[in-house]
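Have the structure open as you read.

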Amino acid sequence: MTDILLFSYGTLQDPAVQKANFGRLLEGTADRLMGFVLSEVEITDPEVIAQSGLSRHPILQRSGDAADTVDGAAFHITADELRAADAYESADYQRVLAPMASGREAWVYIAA
């Protein structure tokens, strides 16, 4: 496996979404991001809605306050899987590298 970590706080934790986008269930560990709060975004892409079963998805916003934390999971993925995640996420999201409570860094999708 590779050293790429992808932090998920929402639909990418769903086994059905993982199977549809990566062809497998991802392996990972619980972790936490600091300095973010959760919000929601309306999804209009019918394929994404079909995969997740939801028209509203969680989205991270930077808060600037390290006391604000968001729980999720850090998954070990390949470069191809990172590109697949990019294709899955709508234009409402941007991918950034962020530090986690564990001291590791992971790619995460936040509000664009």
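Is Arg-104 buried, exposed or partly exposed? At 28% relative accessibility, Arg-104 is partly exposed. Buried means under 20% relative accessible area, exposed means over 50%, and partly exposed lies in between (1.4 Å probe, protein chains only).

This is a predicted model, where local features need pLDDT of at least 70, side-chain atom pairs count only at pLDDT 80 or more, and totals for chains, interfaces and linings use all residues. Residues are numbered from 1 along each chain as its sequence is written, and side-chain values use heavy atoms, without hydrogens and water.

Arg-104 forms a salt bridge with Asp-31, 3.1 Å from N to O. The term needs a side-chain nitrogen of Lys or Arg within 4 Å of a carboxyl oxygen of Asp or Glu. This pair links distant parts of the chain, 73 residues apart. Arg-104 sits in the loop between strand 6 (93-99) and strand 7 (105-111), and Asp-31 in strand 2 (residues 27-34). Asp-31 is buried, at 9% relative accessible area.

The count comes to five salt bridges. One of them joins Asp-80 and Arg-83, at 2.2 Å from N to O. Both residues lie in helix 3 (residues 79-88), three residues apart, about one turn of the helix. Asp-80 is exposed, at 52%.

Now turn to Arg-95. Its side chain meets Asp-86 in a salt bridge of 2.8 Å, N to O. Asp-86 is partly exposed at 31%, and Arg-95 is partly exposed at 29%. The charged end of Arg-95 also sits over the ring of Trp-107, 4.4 Å from its centre. That label requires NZ of Lys or CZ of Arg within 6 Å of the ring centre and within 35 degrees of the ring normal.

Note on methods. Helix = DSSP H or I, 4+ residues; strand = E, 2+ residues; numbered from the N terminus.
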